[in-house]
Amino acid sequence: MPDFLVKRDDFRDCRVVESDVPAVGPGQALLRVDSFGMTSNNVTYAVFGEAVSYWDFFPSSEERWGRLPTWGFAEVQSSEADGVEPGVRLYGYLPASSHLLVTPSGADDAGFVDASPHKAALPSAYHRYLAGPRDPFYRPETEAVQMLLRPLFFTSFLIDDQLDDEGLTTKGPVILSSASSKTSIAAAFMLAQREEVELLGLTGSSNTDFVESLGLYDGTVTYDAIDSLPRGPATYVDVSGDSRVRQAVHSHFGDELTHSMAVGATHWEQMEGGGEDLPGPAPVFFFAPNRVGKRADDWGRAGLETRVAEAWHPFCEWTEGWLETIPGEGFDAVRSAWLDVLEGRVEPKRAHVLAL
Ligand SMILES: NC(=O)c1ccc[n+]([C@@H]2O[C@H](COP(=O)([O-])OP(=O)(O)OC[C@H]3O[C@@H](n4cnc5c(N)ncnc54)[C@H](OP(=O)(O)O)[C@@H]3O)[C@@H](O)[C@H]2O)c1
């Protein structure tokens with residue numbers, strides 16, 4: 001079976017390795033990975049591969065090389081697990097590989113949790129594999145958008161929810177960096193539905209027209225014009241992870257910055273520095289699985305899923321107006337997509353859906 005591997009200390013170095021399809025033992029099932037999405041989010045999995053243990057979800061047989069985590073669809077190829085039938089189609093967290101061996105637990109017609117021992121200490125938000133008919137997000141015609149945007153939208157729903165919960169949507173503008181990213185777009189889509197929210201997008205000059213064309217942000221400002229932002233209270237949602245942008249935003253607003261939420265790292269090569277002497281509040285890392293835990297406690301897991309799914313379908317329909325998927329199959333296509341995403345060469349209106 002082919003495995004797409006990324007060198008852990010040099011992401012531009014990637015290759016495919018072939019190995020035997022694993023044998024299915026008692027209590028296990030073998031998934032055949034059908035296809036998966038690839039955006040900057042997958043680069044961030046590599047960037048935080050060690051720090052947030054993303055490399056540990058799908059252990060690689062090759063030292064210093066990682067199996068890239070993705071979100072996508074798979075089919076049960078064979079099963080020795082109770083309640084898991086061959087042919088069932090599942091959505092979940094998958095390696096950029098052709099197969100994944102799982103140890104299903106609590107299987108029913110909604111899917112199962114992978115109870116593989118090596119995942120026990122890892123965040124549970126990544127353990128569930130959901131079968132279509134009972135999955136409130138699932139519609140057969142939107143599979144490509146689900147692979148690309150579903151985890152990002154889930155995060156964005158939670159960002160919008162937290163900002164509202166903490167009263168930050170009405171204390172001056174909410175400023176999102178990497179305003180052209182799918183995560184920021186989804187957050188802006190949710191925030192824009194709230195009354196009195198002023199949304200400002202920070203982006204690169206080549207992406208300004210696209211960001212403005214979305215009609216979500218009240219204003220778009222390029223990274224070199226942060227000084228032009230109106231002074232006063234403001235909330236910063238940092239999706240770029242760019243230390244120079246963070247420094248510029250914090251220096252501009254100083255103590256009037258109400259909150260600085262560190263969400264992403266699209267500018268993954270500009271993350272270093274700027275931590276010392278940062279004016280204003282210390283950035284707080286936003287980790288979606290933690291917020292999932294809080295809202296699952298408040299609303300129940302099913303209550304949370306229902307709320308997010310209700311918001312998801314209108315968003316999904318709205319993206320039909322601008323999102324173009326780029327299909328690709330085989331190692332060369334996956335490698336080329338990976339390098340394009342890594343180098344920031346993918347137009348923001350486009351996104352890769354891949355299969356090995
Ligand atoms: N904390 C959490 O729980 C959580 C959950 C989900 C996602 N996230 C993070 O949110 C971020 C956005 O992910 P996404 O998949 O939505 O991104 P995406 O749509 O692929 O973002 C594309 C945009 O990112 C910027 N960009 C990408 N690569 C770049 C490069 N090499 N150099 C400079 N700019 C680059 C550009 O935007 P601009 O020109 O506008 O900057 C580009 O238009 C990721 O870091 C992801 O991990 C975090």
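In the predicted model, strand E6 pairs with strand E10 (residues 128-131) in the antiparallel sense, over two bridges. Within this pairing, leucine 90 stands opposite alanine 131 of E10. Strand E10 also has strand E9 (residues 111-114) as an antiparallel partner, and three bridges join E9 to E10. Here the bridge partner of phenylalanine 112 is tyrosine 129, which lies in E10. In a regular strand, side chains alternate between the two faces of the sheet.

A further group of strands forms an open sheet of three, in the order E2-E1-E4, with antiparallel pairing. Its edge strands are E2 (10-18) and E4 (65-67), each of which pairs on one side only. On average, neighbouring strands of this sheet are turned by 35 degrees against each other, direction ignored. Helix H8 (residues 331-342) packs on the sheet and touches both E1 and E2. The direction of H8 makes about 165 degrees with that of E2. As for the pairing of E1 (residues 2-7) with E4, the two strands are antiparallel and share three bridges. Leucine 5 stands opposite arginine 67 in E4.

Two packed helices are described by the angle between their axes and by the distance between the axes. The axes of H1 and H8 come within 9 Å and cross at roughly 85 degrees. Angles of 65 to 115 degrees count as roughly perpendicular, and H1 and H8 are therefore roughly perpendicular to each other. On the H1 side, the contact involves Ser40, Asn42, Val43 and Ala46; on the H8 side, Trp338, Val341 and Leu342 take part. The residues of this contact divide into five nonpolar and two polar, with no charged residue. An α-helix has 3.6 residues a turn, so residues three or four places apart point the same way.

The surroundings of H1 extend beyond H8. Buried residues of H1 are Asn42, Val43, Thr44, Tyr45 and Ala46. Of these, Asn42, Val43 and Ala46 are also named in the contact with H8. The buried residues of H1 pack against H8 and against several strands, namely E2, E3 (29-38), E5 (69-79) and E6 (89-95).

Technical notes
Residues numbered from 1 in each chain as written. Predicted model: local features only at pLDDT ≥ 70, side-chain atom pairs only at ≥ 80, totals over all residues. Heavy atoms only, no water. Pairing = 2+ DSSP bridges. Helix = DSSP H or I, 4+ residues; strand = E, 2+ residues; numbered from the N terminus. Axes fitted to C-alpha atoms, helices over the stretch in contact; angles between N-to-C directions. Contact = heavy atoms within 4.5 Å. Parallel < 35°, antiparallel > 145°, perpendicular 65-115°, else oblique. Nonpolar A, V, L, I, M, F, W, Y, C, P; charged D, E, K, R; others polar. Buried < 20%, exposed > 50% of the residue type's maximum accessible area, 1.4 Å probe, protein only.
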